[in-house]
Amino acid sequence: MKDFAAIDFEIANGEPTSVCSVGVVIVRGGEITDTFYSLIQPEPNYYSYWCTRVNGLTRQDTDDAPVFPKVWAQIEPLIEGLPLVAHNKAFDEGCLKAVFRCYQMDYPNYKFYCTCIASRRAFPKAPNHQLHTISALCGYQLENHHHALADAEACAWIAREILP
């Protein structure tokens with residue numbers, strides 16, 4: 001795959017609408033051409049212990065952050081015409097659709113690919129198919145796991161290696 005946008009969301013609580021950060025990596029011609037990262041004020045605006053433990057974000061981090069529609073207005077022109085790629089498509093696509101519904105935005109039916117599913121075909125004997133494991137198998141050392149931009153970069157690296 002040569003042209004796509006890798007995307008990753010982090011959430012504040014168990015609700016898929018509670019996106020609190022997003023990372024996007026634009027790949028054109030097989031090369032990373034742009035990146036985008038933003039904190040987002042989640043909806044509903046509270047943080048669960050577990051989510052904070054995973055991604056390190058708290059309400060204090062996002063109280064002054066923009067709401068999703070303002071952030072998406074910045075992302076939309078970057079990803080125009082590109083398929084989206086996520087390491088766990090079911091999670092990230094589910095969050096995107098949920099937050100579009102929450103803010104009564106028209107969902108453009110983005111084409112989504114999943115590097116986690118593809119990794120099961122590419123690396124059937126891998127010890128697991130988690131993002132950090134598969135990115136390492138593809139030659140990328142993921143640091144700062146569960147930071148949305150770091151995870152999107154790892155996903156982009158994997159996609160360039162294993163997606164047709």
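Biologist: Let's start with His 146. Where does His 146 lie?
Modeller: His 146 is in the loop between helix H6 (131-137) and H7. Keep in mind that this is a predicted model.

Biologist: What about the phi of His 146?
Modeller: His 146 has a positive phi of about 75 degrees, although it is not a glycine. Most residues other than glycine have a negative phi.

Biologist: Is His 146 buried, exposed or partly exposed?
Modeller: His 146 counts as partly exposed, because its relative accessibility is 29%, and that class lies between 20% and 50%.

Biologist: Switching topic: how do H5 and H7 pack?
Modeller: Helix H5 (residues 115-122) and helix H7 (residues 148-162) pack at an angle of about 45 degrees, and their axes are 10 Å apart. H5 and H7 are therefore oblique to each other. The crossing of H5 past H7 is left-handed.

Biologist: Which residues make that contact?
Modeller: From H5 they are Thr 115, Ala 118, Ser 119 and Ala 122, and from H7 they are Cys 155, Ile 158, Ala 159 and Ile 162. By class, that contact of H5 with H7 has 6 nonpolar, 2 polar and no charged residues.

Biologist: Now the inside. How many residues has the largest nonpolar core?
Modeller: It has 25 residues, and Phe 9, Val 22, Val 24, Phe 68, Trp 72, Ile 79 and Leu 96 have the most contacts inside it. Strand S1 (4-11), strand S2 (19-28), helix H3 (68-79), strand S4 (84-86) and helix H4 (89-102) each supply at least two residues of this core.

Biologist: Which of them gives the most?
Modeller: H3, with 5 residues of this core.

Biologist: Nice. What is Ile 79 in contact with?
Modeller: Leaving aside neighbours within four places in sequence, Ile 79 is in contact with Ala 5, Val 24, Ile 26, Trp 72, Leu 84 and Tyr 110. Another core, of 23 residues, lies apart from the largest one, and Cys 138, Leu 149, Ala 150 and Ile 158 are among its members.

Terms used:
Residues numbered from 1 in each chain as written. Predicted model: local features only at pLDDT ≥ 70, side-chain atom pairs only at ≥ 80, totals over all residues. Heavy atoms only, no water. Core = buried A, V, L, I, M, F, W, Y, C linked by side-chain atoms within 4.5 Å. Buried < 20%, exposed > 50% of the residue type's maximum accessible area, 1.4 Å probe, protein only. Helix = DSSP H or I, 4+ residues; strand = E, 2+ residues; numbered from the N terminus. Contact = heavy atoms within 4.5 Å. Axes fitted to C-alpha atoms, helices over the stretch in contact; angles between N-to-C directions. Parallel < 35°, antiparallel > 145°, perpendicular 65-115°, else oblique. Left-handed = near helix turned anticlockwise from the far one by under 90°. Nonpolar A, V, L, I, M, F, W, Y, C, P; charged D, E, K, R; others polar.
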